[in-house]
Amino acid sequence: MKIRVGFGFDTHRLAEDRPLILGGVHIASASGCLGHSDADVLIHAICDALLGALNLRDIGYHFPDTDPKYAGVDSTILLRECCRMVREKGWDIANADTTIVIQKPKINPHIPAMQQRLAEVMGISPSDVSIKAKTSENIGFIGRGEGVSAYAVCLVTQM
Ligand code: MG
């Protein structure tokens, strides 16, 4: 069996009056991510991990933020498309392991819903979607509540 791994990273600025959407789930928060799409930083990191696993460039290459078609787009649509590209190349998605770094709100209570949603979109089991949440200990731009980052690795397999 052949395996490949991909890594993804993303950061978005946080702003008041924006909804906070992480992993396809709306989370109650005083601020949300700014961006051209719905700015789902976790999904963007997973997309880049999937694309990276097959050396398919990155999310900005496939879904440019200069394209009005992607203004306010639900990032689950982008993730679905990345999964389709992986499978079209003949690979299966084995698992995703991710980390969100955000100072507040607390993400842990939302992790089961995010796992469920991402698993549905990716066509894999919730047990194959790991989501970890950390603060940045009040240090730096994340600690000041100015932004949020996410990291993801995805393994793909070919029989
Ligand atoms: Mg992004």
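Helices (H or I, at least four residues) and strands (E, at least two) are DSSP runs, numbered from the N terminus. The model is predicted, with local features requiring pLDDT of at least 70 and side-chain atom pairs counted only at pLDDT 80 or more, while totals for chains, interfaces and linings use all residues. Residues are numbered from 1 along each chain as its sequence is written, and side-chain values use heavy atoms, with hydrogens and water left out.

**Figure 1. Overall fold of the predicted protein.** The secondary structure comprises five helices and seven strands, which run from the N terminus in the order β-β-β-β-α-α-α-β-α-β-α-β. The C-alpha trace spans about 45 × 35 × 25 Å along its principal axes. A compact globule of 159 residues would have a radius of gyration near 15 Å, and the value of 15 Å for the protein agrees; this radius is taken over C-alpha atoms, and the globule rule is 2.2 Å times the number of residues to the power 0.38. Of the 159 residues, 47% count as buried, where buried means under 20% relative accessible area, exposed over 50%, and partly exposed in between (1.4 Å probe, protein chains only). Among contacts (heavy atoms within 4.5 Å) between residues at least 6 apart in sequence, 71% join residues at least 24 apart.

**Figure 2. Surface and charged side chains.** The accessible surface of the protein comes to about 7900 Å², of which 52% belongs to carbon and sulfur atoms. Accessible areas come from the Shrake-Rupley method with a 1.4 Å probe; for residues, only the protein chains shown count as cover. There are 16 positive and 18 negative side chains, and the centres of the two sets lie 4 Å apart. Lys and Arg count as positive and Asp and Glu as negative, whereas His and the chain ends are not counted. Each charge is placed at NZ of Lys, CZ of Arg, CG of Asp or CD of Glu.

Figure 3. Helix α3 (residues 75-88) has 14 residues and, at 1.5 Å a residue, should span 20 Å; its end C-alpha atoms are 20 Å apart, which agrees. The expected span is 1.5 Å times one less than the number of residues in the helix. The buried residues of α3 are Ser-75, Thr-76, Leu-78, Leu-79, Cys-82, Cys-83, Met-85 and Val-86. Their cover includes α1 (41-53), α2 (59-62), β5 (92-101), α4 (111-122) and β7 (147-158). After α3 comes Gly-90, with a positive phi near 95°.

Figure 4. Most residues other than glycine have a negative phi, and most peptide bonds are trans. In the loop between α1 and α2 lies Arg-57, which is not a glycine but has a positive phi of about 65°. Arg-57 counts as exposed because its relative accessibility is 55%. Glu-137, in the loop between β6 and α5 (140-143), likewise has a positive phi, near 55°. At 62% relative accessibility, Glu-137 counts as exposed. Pro-105 is placed in the loop between β5 and α4, and the peptide bond joining Lys-104 to Pro-105 is cis, with omega about 5°.

Figure 5. Val-148 belongs to strand β7 and counts as buried because its relative accessibility is 0%. Beyond residues up to four places away in sequence, Val-148 touches Asp-10, Thr-11, His-12, Leu-14, Cys-33, Val-41, Ile-100, Val-101, Ile-102, Phe-141 and Ile-142. The C-alpha atoms of Cys-154 and Lys-104, 50 residues apart along the chain, are separated by 26 Å.

**Figure 6. Ser-130 in strand β6.** Ser-130 is located in strand β6 (residues 129-134). At a relative accessible area of 27%, Ser-130 is partly exposed. Ser-130 touches Ala-96, Asp-97, Thr-98 and Gln-115 when residues up to four places away in sequence are not counted. The C-alpha atoms of Ser-130 and Gly-24, which are 106 residues apart along the chain, are separated by 14 Å.
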